[in-house]
Amino acid sequence: MAKLKDVTELSGLFGESITIRKVNGRVVVTNRPKKKRGEPTEKEIAHRARVSEAAKYAKSIADSEELRALYATGVKKKHESPQSVAIGDFMNAPEVKAIEVMKYTGAVGDSIEVHAVDDFQVTKVTVTIIDANSVVIEQGDAIDDAQTRVNQWKYKTTVANTTLKGTKIMVIAYDRPGNQGSNEIVL
């Protein structure tokens with residue numbers, strides 16, 4: 001049944017095959033969506049479960065004044081809310097775009113720079129340095145270097161590495177819901 005909300009808004013089902021709705025301020029007329037027949041696939045079931053978890057996460061955000069205010073800073077569009085920003089954050093993992101090792105010579109105090117991005121906010125970046133024999137040389141948290149560049153993290157080494165050849169540097173970025181994105185390079 002069609003509903004007239006005010007003089008300029010119209011939405012609903014017309015007949016058996018046409019729907020009208022408003023999307024981003026525009027009236028859209030489409031064919032009525034068809035119901036899918038058969039059992040859902042494993043991928044669909046997993047996606048539904050993930051969306052359900054995201055909705056629960058967004059509800060927990062709504063219950064916290066501090067987190068709701070934080071996610072409100074991510075609202076960009078007229079109809080977006082802190083909860084929809086939280087759902088998007090839950091559904092999308094951060095990415096480690098680049099690991100810059102030009103200033104890493106194996107000495108104590110060298111820096112490794114990481115470019116990590118997320119749709120909302122990267123909260124933590126860990127760096128692990130592993131030698132050619134798969135022995136962990138050191139591991140620690142990088143420091144947010146946002147004053148210099150956006151989405152830039154810097155890690156200062158604390159242990160000397162005498163053999164750079166074959167050294168693996170692994171980086172993991174985390175966002176507020178706990179999603180992880182990783183990248184690694186071998187010197």
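The model is predicted, so local features need pLDDT of at least 70 and side-chain atom pairs count only at pLDDT 80 or more, while totals for chains, interfaces and linings use all residues. Residues are numbered from 1 along each chain as its sequence is written, and side-chain values use heavy atoms, with hydrogens and water left out.

**The chain as a whole**

- The chain holds 3 helices and 12 strands; helices (H or I, at least four residues) and strands (E, at least two) are DSSP runs, numbered from the N terminus.
- Its radius of gyration is 24 Å, well over the 16 Å that the globule rule gives for 187 residues, so the chain is more spread out than a compact globule. That radius is taken over C-alpha atoms, and the rule is 2.2 Å times the number of residues to the power 0.38.
- Along its principal axes, the C-alpha trace spans about 75 × 40 × 30 Å.
- Of the 187 residues, 30% are buried; buried means under 20% relative accessible area, exposed over 50%, and partly exposed in between (1.4 Å probe, protein chains only).
- Among contacts in the chain with a separation of 6 or more, 50% come from residues 24 or more positions apart; contact means heavy atoms within 4.5 Å.

**Helix α1**

- Helix α1 covers residues 42-62, which is 21 residues, and reaches 30 Å from its first C-alpha to its last, close to the 30 Å expected at 1.5 Å a residue. The expected span is 1.5 Å times one less than the number of residues.
- A54, Y57, A58 and I61 are the buried residues of α1. They cover an arc of only 100° around the axis, which puts them on the same side of α1; the arc is that of the directions from the helix axis to the C-beta atoms.
- The cover over these buried residues includes α2 (65-72) and α3 (82-91).
- E42, R48, K56 and K59 are exposed on the other side of α1.

**Strands and how they pair**

- Strands β3 (residues 18-23) and β4 (residues 26-31) pair in the antiparallel sense over 6 bridges; two strands pair if DSSP finds at least two bridges between them.
- These two strands form a hairpin with 2 residues between them, and N24 in the turn has a positive phi of about 50°. K22 stands opposite V27 in β4.
- An open sheet of 4 strands has the order β5-β6-β10-β9, with antiparallel pairing. At its edges stand β5 (95-100) and β9 (143-144), each with a single partner strand, so one side of each is left without a neighbour in the sheet.
- Strand β5 is joined to β6 (residues 111-117) by 5 bridges, and the two run antiparallel. I99 has V114 in β6 as its bridge partner.

**Two lysines to look up**

- K36 sits in the loop between β4 and α1 and is exposed, with a relative accessible area of 55%. Not counting residues up to four places away in sequence, K36 touches T41 and E44.
- K59 belongs to helix α1 and counts as exposed at 54% relative accessibility. K59 and Q83 are 24 residues apart in sequence and 7.2 Å apart in space, C-alpha to C-alpha.
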